[in-house]
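Hi,

Here is the model I said I would pass on.

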Amino acid sequence: MFDALIDQFWSLTFSGIALGFIYVLIAMGYTMVYGVLRMINFANSEIFMVGAFATVMVSKYVFELSNDAIPPSNVKLFLVILCCIVASMLASALLAFLVELVAYRHLRNRTTNRIAPLISAIGIGIVISEIVRILTGARTQFSPNIVPKKTLATFQGAEIRLDSTLTIVAGLILFIILDRFIKYSRLGKGIRAVSMDEDSAKLMGVNLNRVISLTFILGGLMTGAAGFFYVNVYENVKFNMGFSLGLAAFTAAVIGGIGNIRGAFFGGISLGLVEIYASAVIGTQWKPVTVFIILILILLFKPNGIFGEAVQRTRV
Amino acid sequence: MINLRDKGAEFWERSNRPVRVLTVFAIMAVVAALPYAGNTFLQTPVAAFDAVLVYPMGMFILMALGLNVVVGKSGMLDLGYVAFFAVGAYTMAILGTRTGLNTWEIMPIGIAAAMFAGVLLAIPTLRLRGDYLAIVTLGFGEIVRVSALNSEAIGGALGIAGVPFPPGLGFEYQLLDQKYFFWTILVMILLVIWVIRRLTVRRPGRAWESIRQDEDAAELMGVSTYKYKIWAFVFGAAIGGGAGVFYASRSMVIAPDNFTLNTSILILACVVFGGMGNIWGVIVGAAILGYLPDRFRFLSDARLLLFGLVLVVFMNLRPEGILPRKKREKAIVKKGSGA
Amino acid sequence: MNKKIISGFAIAASAALTFGVVASTPASAKVKEITIAYQGPITGDSAQTGADEVNAAKYALKKYNDSNPAVKINLVIIDDQGAGSVALTVAPGAAANKKILAIVGPAFSGATISSLPYYKAARLPMISPSATNVTLTDKKSVNYGYPVFHRVPSTDAFQGPSLAKWAVQNQKSPKVYIVDDKTPYATGLAAYTKKALAAGVWVGSDSTPDDTKDFAATISKVKSTGTNVVIYTGYYSQAAVLINQLRADGYKGDFASGDGTLGSGFLEGAGKNAEGVLLVAPTVPLSVGNPAMEADYVKVMGAASGEYTTETISIVNIYIAAVKSGVTTRSGMLNFINGYKGETVAGTKLSFDRNGDNNGAAAITGFIVKGGKIVPIEVVK
């Protein structure tokens with residue numbers, strides 16, 4: 001039962017961390033919005049899906065890469081990665097901005113009911129994924145190989161691959177930039193102010209609508225980047241891909257303490273590892289059961305997640 | 001905006017007893033005659049109208065009423081309601097195919113099993129609040145579905161087939177004409193409405209309302225919030241379980257993919273779309289959202305797209321639902337004037 | 001202003017509803033028409049299977065209707081999303097709709113099982129192009145589809161042993177690891193494949209639900225068991241994802257799969273990793289079995305054929321033959337199907353036994369991917 005885990009421990013660990021970073025970035029989309037609006041942005045999974053599609057489109061149609069071609073190298077590789085990631089981030093950020101405008105803004109001013117925006121978000125999520133399905137077909141779309149899957153080094157028998165390494169390094173950089181931005185920039189302070197107390201922030205002259213739009217855009221940028229890394233490692237997209245990954249990322253945000261971006265970081269990585277270890281030990285079909293039982297146990301002992309949502313300093 | 005709920009309430013207040021009784025009977029007659037409306041503009045393309053009346057519409061109304069006790073009345077966000085539906089359905093399927101018990105004998109067992117599942121989930125998790133509760137209930141729903149999927153003893157992915165039909169009660173249930181199923185479910189709905197209305201005006205109803213408005217204040221006022229939350233949860237679970245038993249018996253076949261997270265979300269959408277906390281609103285919401293996807297079948301490819309649009313547009317137009325609950329202030333004013 | 005919006009919406013909605021009724025109940029035309037239905041997933045996660053099969057049915061009917069026959073054939077599309085729960089709402093409608101004489105489908109076994117009670121009661125004949133679950137034609141099972149259910153492909157009970165045999169052909173001492181995707185199709189096929197393997201050959205199994213994206217755990221088990229043959233019993237898109245990850249992680253052994261993987265989608269997804277993959281199927285894709293028709297198909301439909309195209313066209317051809325022979329009722333159709341003896345468009349024999357299985361379908365073909373093409377090698381027995 002534990003043979004595979006012991007035998008392939010390091011290889012599983014690297015895969016788990018790379019997967020974890022994808023969760024971390026998607027979780028940012030949930031946790032930022034939650035931190036400011038106290039609301040689950042259910043459309044975030046579709047924002048992620050659109051980001052992933054953007055990468056496939058750019059690599060396929062702008063750079064005309066194909067599945068069989070030898071992946072680009074050196075300067076061209078760098079250029080392709082840059083264009084793809086920027087396209088994904090922008091597409092997702094734009095969509096997040098629009099989602100806020102269409103599904104939330106009007107509602108926010110009209111009701112204190114917290115479940116109405118949830119249903120509105122679910123509705124817009126259905127609309128987005130159905131539009132993508134009608135435009136691209138229901139078939140799984142395969143992406144060209146962008147970053148060559150070559151082995152950089154071997155560690156204890158585990159191969160450290162370029163594509164996973166890129167996910168981990170770039171994911172970490174993005175996370176640090178976001179964390180610093182929220183902590184030190186003027187706009188970031190605005191976000192934190194609204195997160196702590198909306199009314200006081202308003203009285204202090206914070207432009208509420210602008211701050212909320214910005215939160216969605218930042219969340220969208222991170223989620224879009226996750227779309228790029230996802231395609232990069234797994235090389236496929238489908239109109240309904242957002243659902244399961246979004247659910248996992250949301251779970252990660254809750255484990256760490258939703259609304260707390262460092263919590264989401266911790267939650268994402270640990271969820272990635274737990275999923276992979278659990279799949280290796282008791283079978284992939286039991287993965288969701290294991291994950292949710294662990295979630296329930298964590299919330300039993302830490303009702304606000306491991307890092308809690310009350311950490312005002314790091315809270316969005 | 002026109003407030004249909006207030007108009008309705010006003011009419012009710014102004015009418016005397018005979019008028020009220022007459023109104024109720026008229027509405028009942030119209031609803032009961034629905035299976036005969038199959039050839040009018042109500043007709044659903046492709047799907048049979050009488051079957052659509054039973055599932056999704058009737059079942060959605062039943063489940064939405066149950067979920068409304070949890071979400072609408074006591075303010076707990078439950079995203080795993082389908083789990084109780086599944087527990088009821090699987091109880092029916094397992095006992096119905098392996099013992100000689102019939103649907104009506106299994107009904108109380110299925111309801112009890114769902115209530116037990118409700119207690120099991122409620123005791124550790126109801127101390128959580130708001131969105132944490134939402135993800136935990138969501139997880140519970142997935143745990144139930146995936147466990148059923150992975151257990152070959154209860155059919156695995158194929159599920160259980162050959163679940164017996166309910167025995168007739170002076171009439172025989174028919175496959176190709178589902179009006180008896182519809183009338184049965186109508187009776188179940190009326191029964192549930194009656195029980196909920198009894199509870200709402202008594203102590204549990206007031207406790208739930210106080211929890212929904214402000215849990216801390218309720219606790220301070222001496223309401224045992226934890227106990228009443230468990231009650232609400234278990235009561236909702238019982239209705240879900242009962243609906244599940246009937247669903248399995250009517251469908252004859254159940255499989256894990258009948259109980260996905262999407263169903264939970266859809267039922268929640270019914271509650272919010274209709275008007276959280278208001279029984280009549282929830283019924284209207286569930287009837288509409290159950291009906292629309294089948295009515296849109298002529299759109300083939302775009303029907304779910306349109307369904308999503310309807311959700312967004314209507315939530316923006318009527319954030320409190322089609323028939324919103326009574327405003328708190330109004331309730332207080334009326335009490336004051338009555339005293 | 002809000003009132004205006006609402007009334008505007010109401011008008012639009014009622015207009016849509018009325019239009020829908022008009023559109024869905026076409027006035028009876030002068031030309032005599034017969035209606036058949038396709039049932040399968042048009043929306044939802046598995047919509048591609050439905051799209052492929054619907055296109056195949058449309059192609060066959062277009063060919064027929066364009067030849068100006070005395071009786072035209074209409075196609076009604078019934079979307080069951082490949083799910084039993086949705087099939088439960090549409091099946092009573094199809095059963096009660098007396099205009100529908102026969103059904104092409106249902107595409108999936110689960111939806112078939114849910115629909116069967118209604119079609120049996122209404123004696124509505126059906127021939128499925130892709131439902132391969134064994135219980136549907138098993139006399140002892142509650143899912144037994146007699147007398148209405150028929151199918152063109154052979155069951156998993158035949159495919160499993162062939163897959164087990166075909167998969168190990170390159171290895172002197174094979175170690176087989178079986179992966180399924182938890183769908184009724186894949187779990188059934190996996191069970192029959194495992195049963196047919198020689199003692200000691202099977203080293204392990206995993207189930208990866210079809211939304212799995214990261215196969216690292218499965219791959220680690222493949223590696224630590226020293227597996228040299230991986231058999232995947234699910235559908236092509238996940239098969240491509242799995243083999244890509246296996247190869248990227250340095251797995252050098254063989255990869256084998258069943259009919260869910262047969263098709264151009266797998267080649268497109270797996271690219272050069274598909275080279276040397278071993279496949280079996282109770283069918284041949286149209287592009288292999290009848291290249292001339294495939295060329296015509298591309299010309300008419302504007303796209304290459306997909307999965308189960310051969311079966312779907314063959315089924316529609318049975319119905320066309322029935323209509324040509326003057327069948328106008330469901331029972332007439334049922335008799336015609338039971339007495340039918342013909343060929344599929346790929347040239348294999350086609351007739352049904354008492355249980356609804358295809359007499360000519362037992363032949364399972366083994367394929368190997370060579371030079372970016374799926375090449376049929378031989379019949380695997």
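Let me start with C:Gln81, which is buried, having 22 other C-beta atoms within 10 Å. (A residue is buried if 20 or more other C-beta atoms lie within 10 Å of its own, exposed if 12 or fewer, and partly exposed in between, with C-beta atoms placed from the backbone.) Phi of C:Gln81 is near 55 degrees, a positive value in a residue other than glycine. You will find C:Gln81 in the loop between strand 2 and helix 3 (84–96) of chain C; helices (H or I, at least four residues) and strands (E, at least two) are DSSP runs, numbered from the N terminus.

Before going further, some housekeeping: this is a predicted model, where local features need pLDDT of at least 70 and side-chain atom pairs count only at pLDDT 80 or more, while totals for chains, interfaces and linings use all residues. Residues are numbered from 1 along each chain as its sequence is written, and chains are lettered from A and ligands numbered from 1 in the order in which they are written.

C:Lys182 also has a positive phi, of about 75 degrees, although it is not a glycine. C:Lys182 sits in the loop between strand 6 (176–180) and helix 6 (184–196) of chain C, and it counts as buried with 23 C-beta neighbours inside 10 Å.

Staying with chain C, there is an open sheet of 5 strands in the order 2-1-3-4-5, with parallel pairing (two strands pair if DSSP finds at least two bridges between them). Strand 2 (72–79) and strand 5 (149–151) of chain C are at the edges with a single partner strand each, so one side of each has no neighbour in the sheet. From one strand to the next, the twist averages 25 degrees. Strand 1 (residues 33–40) of chain C runs parallel to strand 2 of chain C and is joined to it by 8 bridges; in that pair, C:Ala37 stands opposite C:Val76.

Two helices lie across the sheet. Helix 2 (residues 47–65) of chain C lies across strand 1, strand 2 and strand 3 (100–104) of chain C, at about 170 degrees to strand 2 of chain C. Helix 12 (residues 309–324) of chain C lies across strand 1, strand 2, strand 3 and strand 4 (126–128) of chain C, at about 160 degrees to strand 3 of chain C. Axes here are lines fitted to C-alpha atoms, for helices over the stretch in contact, and angles run from 0 to 180 degrees between N-to-C directions; two residues are in contact if their C-beta atoms, placed from the backbone, lie within 7 Å.

Another spot in chain C is C:Ala164, in helix 5 (residues 156–167) of chain C. C:Ala164 is buried, with 26 other C-beta atoms within 10 Å. Leaving aside neighbours within four places in sequence, C:Ala164 is in contact with C:Thr193, C:Ala196 and C:Leu197.

Cis peptide bonds to check: C:Tyr146 and C:Pro147 are joined by one, with omega about 0 degrees, and C:Pro147 is in the loop between strand 4 and strand 5 of chain C. In chain B, the bond from B:Tyr55 to B:Pro56 is cis, with omega near 10 degrees, and B:Pro56 is found in helix 3 (residues 49–73) of chain B.

Now the interfaces. The contact between chains A and C takes 30 residues from chain A and 31 residues from chain C. Helix 2 of chain A gives the largest share of the chain A side, 4 residues. By class, that side has 8 nonpolar, 13 polar and 9 charged residues. (Ala, Val, Leu, Ile, Met, Phe, Trp, Tyr, Cys and Pro count as nonpolar, Asp, Glu, Lys and Arg as charged, and the others, Gly among them, as polar.) Elsewhere, 33 residues of chain B are in contact with 35 residues of chain A. Helix 6 of chain B gives the most to the chain B side, with 10 residues, and that side divides into 22 nonpolar, 6 polar and 5 charged.

Finally, pLDDT (the predictor's confidence in each residue, from 0 to 100) averages 87 in chain B. It stays under 50 over residues 329–339 of chain B. Where pLDDT is low, the predicted coordinates should not be read in detail.

Cheers
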